[in-house]
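Please take a moment to look over the sequence and the three-dimensional structure shown below.

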Amino acid sequence: MIYYACDIPEYLYYDIERDVWIHFDGDIATLGMTDVAQTRCGKFAAISFRNVGKRVAQGKTLATVESAKWVGPFPAPFSCEIVETNENGFAKDILLANKEPYTDGWLVKVRPTDLENEREHLVTGAEAAEKYKERIKELKVNCLRCID
Amino acid sequence: MSKKIRLLYMEGVSPLRSQTVYHAVGYAMKADTPNTIIMVSPNGPYVSIGYHQDIQKEVDLEYCAQHNLPVYRREVGGGAVFLDNGQLFTQWIFHKEDLPATLEERFKLYIDPLVATYQELGINANLRPINDVHVNGKKIGGTGAAQMGIAEILVGSLMYTFDKKTMSQVLKVPSEKMRDKIFESLEAYMTTMTEQLGSTPDRAMVKDLYMKKVSEALGMDVYEGEWTAEEEAMAQEIDARFTSDEWLYQKGQLHQQGVKIHQDVHIVEAAFKAQGGLIRIIARLREGRIDDITFSGDFTLLPVFALGALEQSLRGVAATPETLKSKIEEAYYRLAIQSPGVTPADFTTAIMNAVTPPQPV
């Protein structure tokens, strides 16, 4: 779905409140900032990641993002252990998440530690699209991407 | 939503506390914590660096040690800055639902009372979007934003005075010429209440005026409140972190192009090895144009007066390769410049290396 220029792919899962997308692959989940989140944040200036192997509780910080005007956390949508970060990707191109938030611009890969009890808030498909429409309207966001 | 805003007025706290108080209120914030504004100034000078800066690359630590200037890393972004009692920091710690969703609107809401305060004092201040406050093209304080715990933070200051000389001394820069250029540019493009008014306004009066302007802008009452035991405990925890070497010396990877003076003005520096020698440039860019430029190096350029004339001819020129090259070629022709092994294209490359540094392969 594209709504106010914000792309919300329906094959992904979302933690809408935290503006995080999730792609499950076996027991690993890849996480990134949604188009809405990267737009609100603005052009990345720097990013720092928690260490691989670190266990992070739901809502706590997996990485800290600095844009030209703001610093803030990239939060865990569920409790998890960090198995990989995209540190190398962002070292080569700090704007990865501003250009391709759902592919090259992923932030971390994690192994959920209590997913059964912490997945109720995750949405996907048409439900995600509908809820994001509401959120985009509420936030009055028009999404923008960086290009090369 | 709480309709009242708690004000914590903390003039004359330690330099460390002038930074950790807003982090503490942010991280201690709970659903029932009132939106809070802290007005705080330090009782001594210090240097504050941005969240992702590398202290060893950005700060002249030797100078700071010699002058007993502590350095603290904040959890707000941006660059290194020298701070002292001449600024009254205005720190907002708000629930996110009580602020606009977009950063542009959020900064506007935050900056409006600062601008209104300055204007009532007779200073022609205005918002320079997205987050600067300007007076006739000069900056009178910057602002920043961050999220800490559930709190959204906005920080900035009311600028009574600003020590531009020391600001230019605390930065680690590649050359003293660059430092001189930074100082010159701060003089040209930054201002303070004292400069604008000819004297420093009464601080208690400014505080009351700002509180009134905040209340008007937000449509809420502002009351002087208490710092809680929980916030003090959190501040002590953050004090310890901020003074640890682990926190201070963590490797940052924020890469900034040159030194930002304000939203429209940057100082950049670069070198290029041409066949006929090394060309070094220090340039001040203003809104994408060369505002000022200095060439140096070990190349030969004749006639002797031509280097200054070449620098002069580039003022106001758009910093794009085509425009620069054409302007430099024109100066070469007009001044009959001879520069063995150095061409107009080499000067253009040197400038563009500063404007858009070559990317690592």
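How many residues of chain A are in contact with how many residues of chain B? In this complex 14 residues of chain A are in contact with 16 residues of chain B, where two residues are in contact if their C-beta atoms, placed from the backbone, lie within 7 Å. This is a predicted model, in which local features need pLDDT of at least 70 and side-chain atom pairs count only at pLDDT 80 or more, while totals for chains, interfaces and linings use all residues. Residues are numbered from 1 along each chain as its sequence is written, and chains are lettered from A and ligands numbered from 1 in the order in which they are written.

**Confidence**

- Chain B has a mean pLDDT of 94, and 98% of its residues reach 70 or more; pLDDT is the predictor's confidence in each residue, from 0 to 100.
- For the complex, the predictor gives an ipTM of 0.88 and a pTM of 0.89.

**Where the chains meet**

- On the side of chain A that touches chain B, at least two residues come from each of β6 (44–49), β8 (61–67) and β9 (70–75) of chain A; strands (E, at least two residues) and helices (H or I, at least four) are DSSP runs, numbered from the N terminus.
- β9(A) gives the most to this side, with 4 residues.
- The side of chain A that touches chain B has 6 nonpolar, 4 polar and 4 charged residues, where Ala, Val, Leu, Ile, Met, Phe, Trp, Tyr, Cys and Pro count as nonpolar, Asp, Glu, Lys and Arg as charged, and the others, Gly among them, as polar.
- β9(A) and strand β10 (residues 144–148) of chain B run parallel and are joined by 2 bridges, and two strands pair if DSSP finds at least two bridges between them.
- Within this pairing, V71(A) stands opposite A146(B).

**Domains of chain B**

- An automatic or database domain assignment divides chain B into domain 1 (4–248) and domain 2 (264–355).
- The C-alpha centres of these two domains of chain B lie 37 Å apart, and 7 residues of domain 1 are in contact with 6 residues of domain 2.

**The largest nonpolar core**

- A nonpolar core is a set of buried Ala, Val, Leu, Ile, Met, Phe, Trp, Tyr and Cys residues joined through C-beta atoms within 7 Å, and the largest one here has 140 residues.
- Helix α4 (residues 103–120) of chain B provides the largest share of this core, 7 residues.
- Both domain 1 and domain 2 of chain B contribute at least three residues each to this core.

- Strand β14 (residues 265–274) of chain B is largely enclosed by the rest of the structure, because 7 of its 10 residues are buried; a residue is buried if 20 or more other C-beta atoms lie within 10 Å of its own, exposed if 12 or fewer, and partly exposed in between.
- β14(B) runs antiparallel to strand β15 (residues 277–286) of chain B, with 10 bridges between them, and a hairpin joins the two through 2 residues.
- In that pair, A270(B) stands opposite I281(B).
- A350(B), which lies in helix α13 (residues 344–355) of chain B, is in contact with residues including A270(B) and I281(B).
- A350(B) is buried, because 23 other C-beta atoms lie within 10 Å.

Note on methods:
Lists of a residue's contacts leave out its neighbours within four places in sequence.
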